[in-house]
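Let's take a walk through this structure together. Keep the 3D view open and follow along.

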Amino acid sequence: LRRVLRLSGLAICLVLFFTSCSRYTAGSFITSSFETQVIATEMSDTYVLRVQGIGDTYSEAERQAYKQAVHDMIFKNLYKAYGDHSMLFALVNDPRIEKQEEAYFSDFFADHGGYRKFILGTRKRKESSYSETLSGRIINVAVNRGELRRKLVADGIIK
């Protein structure tokens with residue numbers, strides 16, 4: 001009887017362990033403390049951001065980095081890594097707008113969406129592998145903040 005109880009207890013523990021682990025994907029274990037930074041100012045209202053992208057392939061990681069650069073320019077206050085180390089404030093200062101205009105931003109950040117029009121240039125900085133299936137890239141991306149702002153005003157997203 002003790003042996004049966006021990007074996008059934010062990011079986012229950014194993015079942016619970018494996019079923020709880022199956023909810024996670026490989027990507028859910030990857031964390032990054034990398035913060036997008038403004039590293040230079042080019043022409044008027046064009047900023048170079050150092051940004052990270054993670055994807056299944058290097059090209060997907062690069063595409064994700066482009067989206068991240070434009071997304072951070074719109075929604076995040078970015079730290080300047082040069083000069084007086086001040087902040088570059090987000091174009092959208094109400095965090096609820098991203099949820100309220102979810103359909104707009106879903107189309108905007110689609111694979112061939114409007115975000116690409118505001119990327120003026122890139123330079124690959126670093127490649128890394130997080131696992132056998134995920135790749136990462138840190139890229140310097142030039143984003144035209146002035147044109148991006150005008151587009152958001154014209155579309156009624158910001159005033």
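Asparagine 144 caps the N-terminal end of helix H5: one of its side-chain oxygens sits 3.3 Å from the backbone nitrogen of glycine 146. That pair counts as a polar contact (N or O atoms within 3.5 Å, one able to donate a hydrogen and the other to accept it; neighbours in sequence count only if both atoms are side-chain atoms). Before going on, note that this is a predicted model, where local features need pLDDT of at least 70 and side-chain atom pairs pLDDT 80 or more, while totals for chains, interfaces and linings use all residues. Residues are numbered from 1 along each chain as its sequence is written, and side-chain values use heavy atoms, leaving out hydrogens and water.

H5 covers residues 145-154, and its buried residues (under 20% relative accessible area, 1.4 Å probe, protein chains only) are Arg145, Gly146, Leu148 and Leu152. They span an arc of only 165° around the axis, which puts them on the same side of H5. Here's the background: an α-helix has 3.6 residues a turn, so residues three or four places apart point the same way. The buried residues of H5 pack against several elements, including helix H2 (58-75) and strand E6 (135-144). After H5 comes glycine 156, with a positive phi near 80°.

Now hop over to leucine 78, in strand E3 (residues 78-80). Is leucine 78 buried or exposed? It's buried, with a relative accessible area of 1%. Leucine 78 and valine 38 are 40 residues apart in sequence, yet 6.5 Å apart in space, C-alpha to C-alpha.

How values were computed:
Buried means under 20% relative accessible area, exposed over 50%, partly exposed in between (1.4 Å probe, protein chains only). Helices (H or I, at least four residues) and strands (E, at least two) are DSSP runs, numbered from the N terminus. The arc is that of the directions from the helix axis to the C-beta atoms. Contact means heavy atoms within 4.5 Å.
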